[in-house]
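Please look through the structure below before reading on. The report that follows takes up a few of its parts in turn.

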Amino acid sequence: SCDLRDPGAKTFEGLIFWGAQADAGPTAVPGQYQVRLTANGVTEIRPLTIIKDPRLTGVSETDLAEQFKLAIQVRDKTSEANEMVIRIREIKKNIADRVKKDPSLDAAGERLSTKLSAVEEDIYQVRNRSNQDPLNFPIKLNNQIAALMRVVETGDAKPTDQSYEVFKELNDRLEEIRKRYEE
């Protein structure tokens, strides 16, 4: 069986989202594709045609392509946000390891870790430990971006102007956070 979806966003261990599914990528649009089948050590490539649901009246293939294009952009921005969290966690671990070897770096390491934690907490709700935690702790930017995917992919149609506007606002916020991260 095939779900006709692109790969989902980059994720990290323990990721908890509310109203979003980071591991599910956008659904493929109508067109010609190739499918690779492997069985008993033998791989074959066969053509695959995806056609538009004939019940979709008033929706063009161009509309579906626009929907896919925005969904891919949303997925990629979710990955960018999650990759920053992954990198921040790696850096903080490296700082802790370095401080263990050289305790004179403790104060400097603590300052840098605190700054990195502030950036991480703007991207991801670090207090999430279970699927119910977002009820008590507000979702952060990576979850907000990922939740936009659900809005964009609800139904088969060109994305609304509001979806593009929200994407721009979330992307602008991500860029502001990226600048702080790079500093």
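## A lysine in a helix

Lys77 is found in helix H1. The model is a predicted one. Is Lys77 buried or exposed? With a relative accessible area of 16%, Lys77 is buried, because the cut-off for buried is under 20%.

Leaving out residues up to four places away in sequence, Lys77 touches Ile145, Phe167, Asn171, Leu174 and Glu175. Among these, Phe167, Asn171 and Leu174 are buried residues of helix H4.

Helix H4 covers residues 161-182, which makes 22 residues.

Which residues of H4 are buried? They are Ser163, Phe167, Leu170, Asn171, Leu174, Ile177 and Arg178. Seen down the axis of H4, these buried residues fall within an arc of 125°, so they line one face of the helix. An α-helix has 3.6 residues a turn, so residues three or four places apart point the same way. On the other side of H4, the exposed residues are Asp161, Gln162, Lys168, Glu176 and Lys179. The cover over the buried residues of H4 includes helix H1 (61-101), helix H2 (106-123) and helix H3 (141-153).

## The nonpolar cores

In soluble globular proteins, nonpolar side chains tend to be buried together. Here the largest nonpolar core has 24 residues. Val74, Ile123, Leu141, Ile145, Leu148 and Leu174 have the most contacts inside this core. Each of H1, H2, H3 and H4 supplies at least two of its residues. H1 gives the largest share, nine residues.

Setting aside neighbours within four places in sequence, Leu141 is in contact with Asp122, Ile123, Leu170, Arg173, Leu174 and Ile177. Another core, of six residues, lies apart from the largest one. Its residues include Ala9, Phe17, Ala20 and Ala146.

## An aromatic pair

How many aromatic pairs does a search of the whole structure find? The search finds one. Phe12 and Tyr124 form this pair, which is edge-to-face, with 5.0 Å from centre to centre and 90° between the planes.

The pair links distant parts of the chain, since its two residues are 112 residues apart. Phe12 is in the loop between strand S1 (5-7) and strand S2 (24-27), while Tyr124 is in the loop between H2 and H3. Phe12 counts as buried at 11% relative accessibility, and Tyr124 is buried with a relative accessible area of 3%.

Methods. Residues numbered from 1 in each chain as written. Predicted model: local features only at pLDDT ≥ 70, side-chain atom pairs only at ≥ 80, totals over all residues. Heavy atoms only, no water. Helix = DSSP H or I, 4+ residues; strand = E, 2+ residues; numbered from the N terminus. Expected span 1.5 Å × (residues − 1). Buried < 20%, exposed > 50% of the residue type's maximum accessible area, 1.4 Å probe, protein only. Arc of directions from axis to C-beta. Contact = heavy atoms within 4.5 Å. Core = buried A, V, L, I, M, F, W, Y, C linked by side-chain atoms within 4.5 Å. Phe/Tyr/Trp six-rings, centres within 6.5 Å; stacked < 30°, edge-to-face > 60°.
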